[in-house]
Amino acid sequence: MTTRQEQILDTAATLFAERGFHGVTVHDIGEACGISGPALYKHFSGKADLLRQSLVSISDRLLDEGTRRRDAADDASSALDALIDWHVDFALSHPALIVVQEREWSSLDAEARERVRRTQLAYIDVWVQVVRELRPELDRATARAAVQAAFGLLNSTPHSARLSAPAMRSLLARMARSALLG
């Protein structure tokens, strides 16, 4: 993806988070990017495509980087730390995407919802594998519930990040590790 496309996706996500998908026009996105609304059609087929690509691309990125970090770790404890660091970084640097995922899920077409859901479940499974190595007493369903609860904590940052970024990062990492390891 080109840098220009990424800029447009980031801008669209910010506007969708602020005003809602239906409260934003292609013209609004273009204006915020410093181009005409119709110029967006060189990169995307429309507003729905922007929403789809925003959520699909970040889901793919979470899975790819999460898998890479897990596989590069020396042991399960290091893998968990790497996953937590990655997700905290995502949550603190992309709060608009978290809000868009929460609020605009129903605005995605069925195919995009299925793809995002499938990718998100694969990302959860990366975490579940690591958590079960550290907590073998947990069955798969319980480990999955724990991981999803930790994501709820980490993804609360658009609504709760009132500390400096370093302080919030440290707090979230400690809390997530504690929540997952009991």
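**Figure 1. Tyr123 and Phe151 in the predicted model.** Tyr123 and Phe151 are both buried. The structure shown is a predicted model. Four aromatic pairs turn up in a search of the whole structure. Tyr123 and Phe151 form a stacked one, with 5.4 Å from centre to centre and 20° between the planes. This pair links distant parts of the chain, as Tyr123 belongs to helix H6 (residues 110–134) and Phe151 to helix H7 (residues 140–154), 28 residues apart. Ring pairs also bring in Trp127, giving a cluster of Tyr123, Trp127 and Phe151.

**Figure 2. The whole protein, for orientation.** Nine helices and zero strands make up the secondary structure of the protein, and the pattern along the sequence reads α-α-α-α-α-α-α-α-α. The C-alpha trace spans about 55 × 35 × 30 Å along its principal axes. Of the 182 residues, 44% count as buried. When contacts between residues at least 6 apart in sequence are considered, 67% of them join residues at least 24 apart. The protein exposes about 9,100 Å², and 51% of this area is supplied by carbon and sulfur atoms. Its side chains include 22 positive and 24 negative ones, and the centres of the two sets lie 2 Å apart.

**Figure 3. His94, between helices H4 and H5.** His94 lies in the loop that separates helix H4 (76–93) from helix H5 (95–104). The relative accessible area of His94 is 17%, so the residue counts as buried, the limit being under 20%. With neighbours within four places in sequence left aside, His94 is in contact with Ile58 and Arg61.

**Figure 4. Arg61, a contact partner of His94.** Arg61 is located in helix H3 (residues 47–72). Its relative accessible area is 42%, and Arg61 is therefore partly exposed. Not counting residues up to four places away in sequence, Arg61 touches Gly66, Trp86 and His94.

Figure 5. Lys47 is placed in helix H3. This lysine is buried, because its relative accessible area is 18% and the limit for buried is under 20%. Leaving aside neighbours within four places in sequence, the contacts of Lys47 are Phe16, Phe21, His22, Val24 and Val26. The C-alpha atom of Lys47 is separated by 15 Å from that of Gln101, a residue 54 residues apart from Lys47 along the chain.

**Figure 6. Ala173 beside Ile84 and Val88.** Ala173 is found in helix H9 (residues 165–181). Apart from neighbours within four places in sequence, Ala173 is in contact with Ile84 and Val88. Ala173 and Ile84 are 89 residues apart along the chain, and their C-alpha atoms are separated by 6.1 Å.

Technical notes
Residues numbered from 1 in each chain as written. Predicted model: local features only at pLDDT ≥ 70, side-chain atom pairs only at ≥ 80, totals over all residues. Heavy atoms only, no water. Helix = DSSP H or I, 4+ residues; strand = E, 2+ residues; numbered from the N terminus. Buried < 20%, exposed > 50% of the residue type's maximum accessible area, 1.4 Å probe, protein only. Contact = heavy atoms within 4.5 Å. Areas by Shrake-Rupley, 256 points an atom, 1.4 Å probe, with all protein chains shown as cover. Lys, Arg positive; Asp, Glu negative; His and termini not counted. Charge placed at Lys NZ, Arg CZ, Asp CG, Glu CD. Phe/Tyr/Trp six-rings, centres within 6.5 Å; stacked < 30°, edge-to-face > 60°.
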